[in-house]
Structures are given as C-alpha cells and as structure tokens.
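Please examine the model shown below.

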Amino acid sequence: QVQLVESGGGLVQAGGSLILSCAASISAFNIYAMHWYRQAPGKQRELVAGISSGGSTNYADSVKDRFTISRDNAKKTVYLQMNSLKPEDTAVYYCNAHRTIWSRPQDYWGQGTQVTVFS
C-alpha cells in the first residue's frame, strides 16, 4: 500500500523558515513527479512546487525565490525548504506523487501537515 507521510510543519514567525519532508513508500519512487500543494481555509488547493523524475523544478509565482523543492531518491523523500515565510503561507501542505501510466494519471496524496505563520 502506497503511503506518503509529511512532517515538519508547525508554528513559525513571519520571516522564519521551515523544512517539510515527505517520505514515500512507493516502489520505483524515482519515476514519479513529486509535488507540494497547499490549502488555506476557505480556499482551493493550489500547487506550490513540483519536481520531475529528472529533477526539473517549477514553482508558484507566490513562492518563487523563497521556497526550494528537492528530492532524495535513495531515501524516497521529497523536501520543501521554505524561507522568508509570510502569514499568507499559512495552510495545510500536502505531498503528491504523480505519474502517467497507459495514458492515465496516477496520484497519491499524503495526509497533510499544518504550517502556520504569525506576524
């Protein structure tokens, strides 16, 4: 059974930093694109950052130059380094594993970890 387990969330003052981790129990982890999404109260879930199986990264405009996504295939873990945090970064952060197989998307989700940024 596939599991994604996030950790590293918490309460932090504006301007501070956090590192989120997502440990995956997926065989062939290295072929999955990995993403971090977030959902704030009353808002839709949004893509924060993604990293392809080849290591290419993409970011939401709101987090560019502040957040960094990385992966360690040997540890089957993806990270999100979050710097210069703002109150508007407050949300539940979700890890996602994605691949396309036989032209069909296959997605797995973690349970989420709360990040709260106070001013």
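The questions and answers that follow treat the core, a sheet, ring interactions and selected residues.

This is a predicted model, in which local features need pLDDT of at least 70 and side-chain atom pairs count only at pLDDT 80 or more, while totals for chains, interfaces and linings use all residues. Residues are numbered from 1 along each chain as its sequence is written, and side-chain values use heavy atoms, with hydrogens and water left out.

Q: Which residues touch the most other members of the largest nonpolar core?
A: A nonpolar core is a set of buried Ala, Val, Leu, Ile, Met, Phe, Trp, Tyr and Cys residues joined through side-chain atoms within 4.5 Å. Buried means under 20% relative accessible area, exposed over 50%, and partly exposed in between, with a 1.4 Å probe and protein chains only. The largest such core has 29 residues, and those that touch the most other members are M34, W36, L80, M82 and Y93.

Q: Which elements give two or more residues to this core?
A: Strands (E, at least two residues) and helices (H or I, at least four) are DSSP runs, numbered from the N terminus. In soluble globular proteins, nonpolar side chains tend to be buried together. Here the elements giving two or more residues are strand 3 (18–24), strand 4 (33–39), strand 5 (46–51), strand 7 (67–72), strand 8 (77–82), strand 9 (91–101) and strand 11 (113–118).

Q: Which strands are the edge strands of the open sheet of four strands?
A: The open sheet has the order 1-3-8-7 with antiparallel pairing, where two strands pair if DSSP finds at least two bridges between them. An edge strand of this sheet pairs on one side only, and that applies to strand 1 (4–7) and strand 7.

Q: What is the bridge partner of F67 in strand 8?
A: Strand 7 and strand 8 pair in the antiparallel sense over six bridges. In strand 8, F67 has as its bridge partner M82.

Q: What is the angle between the planes of Y32 and Y108?
A: Rings of Phe, Tyr and Trp (its six-membered ring) pair if their centres lie within 6.5 Å; planes under 30 degrees apart count as stacked, over 60 as edge-to-face and the rest as tilted. The whole structure holds two aromatic pairs. One of them is the tilted pair of Y32 and Y108, with 6.2 Å centre to centre and, between the planes, 55°.

Q: Is Y32 buried or exposed?
A: The pair with Y108 links distant parts of the chain, 76 residues apart: Y32 lies in the loop between strand 3 and strand 4, and Y108 in strand 10. Y108 has 23% relative accessibility and therefore counts as partly exposed. Because its relative accessibility is 3%, Y32 counts as buried.

Q: How far is R45 from the ring centre of Y94?
A: A charge sits over a ring if NZ of Lys or CZ of Arg is within 6 Å of the ring centre and within 35 degrees of the ring normal. The charged end of R45 sits over the ring of W109, 4.8 Å from its centre. R45 also lies over the face of Y94, and the distance from that ring centre is 3.8 Å.

Q: Is P105 buried or exposed?
A: P105 belongs to strand 10 (residues 104–109). Contact means heavy atoms within 4.5 Å, and beyond four places in sequence P105 touches H98, R99 and T100. With a relative accessibility of 59%, P105 counts as exposed.

Q: What separation do the C-alpha atoms of D89 and H35 have?
A: H35 is in strand 4 and counts as buried because its relative accessibility is 14%. D89 is in the loop between strand 8 and strand 9 and, at 1% relative accessibility, counts as buried. The two residues are 54 residues apart along the chain, and their C-alpha atoms are separated by 16 Å.

Q: What is the phi of D65?
A: D65 is placed in the loop between strand 6 (57–59) and strand 7. At 83% relative accessibility, D65 counts as exposed. D65 is a residue other than glycine with a positive phi, near 75°.

Q: Where is S84 found?
A: S84 has a positive phi of about 50° although it is not a glycine. Its relative accessible area is 41%, so S84 is partly exposed. S84 is found in the loop between strand 8 and strand 9.
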